[in-house]
Amino acid sequence: MEKIRKHISFSELKIWNECPYKHKLVYLEKVKEFKGNEHTAFGTAMHHVCENLVVNSKADYKNLFNTKFLEELRELKNNNVELNRDLVTSMRSQADKMFKHILPSLKKTFNEFEVVSVEEGLMEELKKDMHFKGFIDLVIKKGDTYHIIDWKTCSWGWDTKRKSDRMTTYQLTLYKHFFAKKHNINPSKIETHFALLKRTAKKNNVEIFRVTSGAKKTENALKLLDKSIYNIKNRIFIKNRLACTSGYGCEFFNTEFCKR
Ligand code: SF4
């Protein structure tokens, strides 16, 4: 039974952009939901640490991480996801090395700042019965400028191509646009950043870099969002065969859900 969508998130938009048919399988038919893995459990636990650390520098980050990580791993086991024990063990020691870099990296990039919000929810109206839904990891304010920060866990880091990838950076473009709309703030007073939490890097384990989004880029991101909503509402689900085997490949490739 397909559900009628009343909101769209950036993750949804990203999947729709990859392949509209995949969007239908994942979000409308929910035929085979991705249950997560060690990497998503690690990401959730690290986000939990970051959220707490920015509001309480004395927070017991090890305990926060271990409790959340264990909770996530248990959930995966309950969902019959097979776990790689060696990877889980190495993730624990990698996290340990990362914690001490989180606050110093924020301090180094922004010096003095105030925390405006953590995990701030967005539910902004796009049109009748359709909202943009999102969660902004961290908003800080320095002087009269707001800084939106999105934590990303990764292995060694991102190369230049990934850092400037249109679709990747549209996340911050849209967060900036809807945060400005929600609070009635001039977008020129908002800057956006990704903060990479790098598991396997030898140094610079937390890297914060700025992503710019001007009027044209914002207009393009909104056009893409609008196009996706139009197609979803009108049940136009074209198969993008170019996405079947690119990157890590599509989980539905040559399955009963999407045969050639
Ligand atoms: S297998 Fe290819 S066409 Fe089918 S959902 Fe995945 S990306 Fe789309």
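In the predicted model, F65 counts as buried, its relative accessibility being 1%. The structure holds 13 aromatic pairs, and one of them joins F42 and F65 in an edge-to-face arrangement, with 5.8 Å from centre to centre and 70° between the planes. Because F42 belongs to helix 3 (residues 38-55) and F65 to helix 4 (residues 61-78), this pair ties together parts that are 23 residues apart in sequence. Both rings also belong to a cluster in which ring pairs link F42, Y61, F65, F69 and F99.

An edge-to-face aromatic pair is also formed by W158 and F194, with 5.2 Å centre to centre and 70° between the planes. This pair links distant parts of the chain, 36 residues apart, since W158 is found in the loop between strand 4 (145-154) and helix 6 (160-163), while F194 is found in strand 5 (residues 190-198). W158 counts as buried at 7% relative accessibility, and F194 counts as buried at 0%.

The ligand, for its part, sits in the largest cavity. The residues around the ligand are C19, Y21, K22, K239, N240, R241, A243, C244, C250, F252, F253 and C258, and this shell divides into 8 nonpolar, 1 polar and 3 charged residues. Among the cysteines of the shell, C250 is buried, with a relative accessible area of 18%, which places C250 under the 20% cut-off, and C258 is likewise buried, with a relative accessible area of 9%. The structure holds 0 disulfides.

Key:
Residues are numbered from 1 along each chain as its sequence is written. This is a predicted model: local features need pLDDT of at least 70, side-chain atom pairs count only at pLDDT 80 or more; totals for chains, interfaces and linings use all residues. Side-chain values use heavy atoms; hydrogens and water are left out. A residue is near a molecule or strand if one of its heavy atoms lies within 4 Å of it. On a 1 Å grid over the protein atoms alone, a cavity is a set of points where a 1.4 Å probe fits but cannot get out, and a pocket is an open set with protein on both sides within 12 Å along at least five of seven lines; lining residues have an atom within 4 Å of a point. A molecule sits in a cavity or pocket if more than half of its atoms lie within 2 Å of its grid points. Ala, Val, Leu, Ile, Met, Phe, Trp, Tyr, Cys and Pro count as nonpolar, Asp, Glu, Lys and Arg as charged, and the others, Gly among them, as polar. A disulfide is a pair of cysteine sulfur atoms within 2.5 Å. Buried means under 20% relative accessible area, exposed over 50%, partly exposed in between (1.4 Å probe, protein chains only). Rings of Phe, Tyr and Trp (its six-membered ring) pair if their centres lie within 6.5 Å; planes under 30 degrees apart count as stacked, over 60 as edge-to-face and the rest as tilted. Helices (H or I, at least four residues) and strands (E, at least two) are DSSP runs, numbered from the N terminus.
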